[in-house]
Amino acid sequence: MYIKDNRFNTIIKIDIFYICITKSYDMTIEQLQYAFSVYQRLSFVKAAEESFVSQPALTMQVKKLEEEIGFPLFDRARKPLKVTPAGKKFMEKAQETLLSFKGLEQLATELNAGEQDHIKVGIIPTLAPFLLPLFVRQFHKQYPKLELHINELTTEEVLQLIQEGELDAGIIVTPVVAKGLSASPLFYEQFYLYVADDHPYYKQKAIRLSDIKAKDLWLLKEGNCFRSQVNDLCQLGKKNDHQHFTYQSSSISSLMRIVEHQGGVTFVPELATLGLSAEQENMLKPIKGDKVVREISLIRSRFFHKQRALDKLQQLILENIPSHMKQAKQQEIVDSFVSI
């Protein structure tokens, strides 16, 4: 686009995009919060309930926001409520703005008080029972004024709640594909087989992945990233053998007990092997050939919520992890197969 500058009788090229972004808007954080709540729940009624305002008041604020930006965020004629294409793009950017604003609030609290009072962390079930005992008691002793709230959740739930600002961080298996999040690797776990004492594998020093039969395996339930990694390692989808009895579980400890009493084999991550009895250690078998590991990371928003508190948590975890697990070296990192 070109316009004429009459002062100097010249023609000036103007970027139309620049003109658009310099338009002044009077939208408020409150309006963005209300609209994002509707975006999450696809319901004005539920959004109003969770925002502790009346539905008419919330609806009016969302309407004012739409009038201000010049396009509808939601298609109210659709049942259930639908987000418009433009609304989806706008709300994705609004989410970043709201997280950034929340980060500013938390920073102000930190600078005013000198210390954050609590952090909320999500952790996956295949890590929680083995990792938490290594550092939780020491955390409370070392930082008595800092409350640590931990929720055991799936990887997808952890990622979503961090993106929504409901969690400050997560301890999960990486790499993952998740917008707006960053990961700091903590340690790397090898995969082991846990073998019943009456199984042919028990007499072997190490076991090849290609030799493992699906019918012998006890696996975590579908949807668990550890299960997905094991499926990929063993190429189970290409094998026709199957079990006559299955047990759906989200607990590695439960599968280990099943192996001890019912026979068969299961995969266990390295942290689960710490503290085993001498008899149980005899049931552990390393994988023959190239070493494969799963990467464990502390994942957080790129807006650095509660940075100092999370740094303390990360440091304490690393202090309690065996030194050989802190580097991947030449080991192959297995994909988590998680993308949201």
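I began at Arg 300, which is buried at a relative accessible area of 4%. Buried means under 20% relative accessible area, exposed over 50%, and partly exposed in between, with a 1.4 Å probe and protein chains only.

I noted the ground rules next. The model is predicted: local features need pLDDT of at least 70, side-chain atom pairs count only at pLDDT 80 or more, and totals for chains, interfaces and linings use all residues. Residues are numbered from 1 along each chain as its sequence is written, and side-chain values use heavy atoms, leaving out hydrogens and water.

I then looked for the partner of Arg 300. Its side chain meets Asp 311 in a salt bridge, 3.5 Å from N to O. Arg 300 lies in strand 12 and Asp 311 in helix 11 (residues 307–319), so the pair ties together parts 11 residues apart in sequence. Asp 311 is partly exposed, at 34%. A salt bridge here is a side-chain nitrogen of Lys or Arg within 4 Å of a carboxyl oxygen of Asp or Glu. I counted seven by this rule.

I checked Glu 189 and Arg 294. They form a salt bridge, with the closest N and O atoms 2.7 Å apart. Glu 189 sits in strand 8 (residues 181–195) and Arg 294 in strand 12 (residues 292–301), 105 residues apart. Both are buried.

I turned to Arg 257 and Glu 260, another salt bridge, at 2.8 Å. They are three residues apart in helix 9 (residues 252–262), about one helical turn.

Last, I took the whole chain. It has 11 helices and 13 strands. These are DSSP runs numbered from the N terminus: helices are H or I, at least four residues; strands are E, at least two. Of 340 residues, 44% count as buried.
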